[in-house]
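Please read the following account alongside the sequence and the coordinates, beginning with the sheet and moving on to the helices and the charged side chains.

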Amino acid sequence: MQVLKFTASWCGPCKMMAPMIEEFKQENEDVQIIDIDTDSGDSRQNRYEVMSVPTFIIVDELGNKIDSASGYMTRDMFEGFINKNR
């Protein structure tokens with residue numbers, strides 16, 4: 001599973017979630033989380049119409065959007081988002 005994580009260096013909720021996301025990545029090697037800084041000009045921000053951060057988008061092997069969630073999430077909320085798409 002591939003998750004695009006749209007974030008920004010100035011984003012408070014992104015900073016608050018960062019340690020939890022790193023811990024989740026260590027415990028779930030089947031989930032690939034790709035960090036994308038919205039200030040970097042990455043074209044995926046426009047492709048997926050990301051309007052706020054943090055935004056998490058689950059994509060298939062062709063890059064098609066399967067599901068998305070935006071805003072601060074607790075560990076339980078994040079795991080629920082991932083698990084409903086496994």
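Two strands are taken to pair if DSSP finds at least two bridges between them. On that basis this predicted model contains an open sheet of four strands in the order β2-β1-β3-β4, with mixed pairing. Because β2 (32–37) and β4 (65–70) stand at the edges with a single partner strand each, one side of each is left without a neighbour in the sheet. Neighbouring strands are turned by 20° against each other on average, direction ignored. Strand β3 (residues 55–59) and β4 run antiparallel and are joined by five bridges, and Thr55 stands opposite Ser70 in β4.

Helix α1 (residues 12–27) packs on this sheet, where it touches β1 (2–7), β2 and β3, and its direction makes about 155° with that of β2. Helix α3 (residues 75–83), in turn, lies across β1, β2, β3 and β4, running at about 20° to β3.

Turning to the charged side chains, a search of the whole structure finds eight salt bridges. In one of them Lys5 meets Asp35, with the closest N and O atoms 3.0 Å apart; this pair links strand β1 to strand β2 across 30 residues of the chain. Lys5 is buried, at a relative accessible area of 10%, whereas Asp35 is partly exposed, at 41%.

Another salt bridge brings together Lys84 and Asp67 (3.3 Å, N to O), linking the segment after α3 to strand β4, 17 residues apart. Here Lys84 counts as exposed at 58% relative accessibility, while Asp67 counts as buried at 17%.

Within helix α3, Glu79 and Arg75 lie four residues apart, about one turn of the helix, and their side chains form a salt bridge (2.5 Å, N to O). Salt bridges that share partners join Glu23, Glu27, Arg75 and Glu79 into one network.

Note on methods: Residues numbered from 1 in each chain as written. Predicted model: local features only at pLDDT ≥ 70, side-chain atom pairs only at ≥ 80, totals over all residues. Heavy atoms only, no water. Helix = DSSP H or I, 4+ residues; strand = E, 2+ residues; numbered from the N terminus. Axes fitted to C-alpha atoms, helices over the stretch in contact; angles between N-to-C directions. Contact = heavy atoms within 4.5 Å. Salt bridge = Lys/Arg side-chain N within 4 Å of Asp/Glu carboxyl O. Buried < 20%, exposed > 50% of the residue type's maximum accessible area, 1.4 Å probe, protein only.
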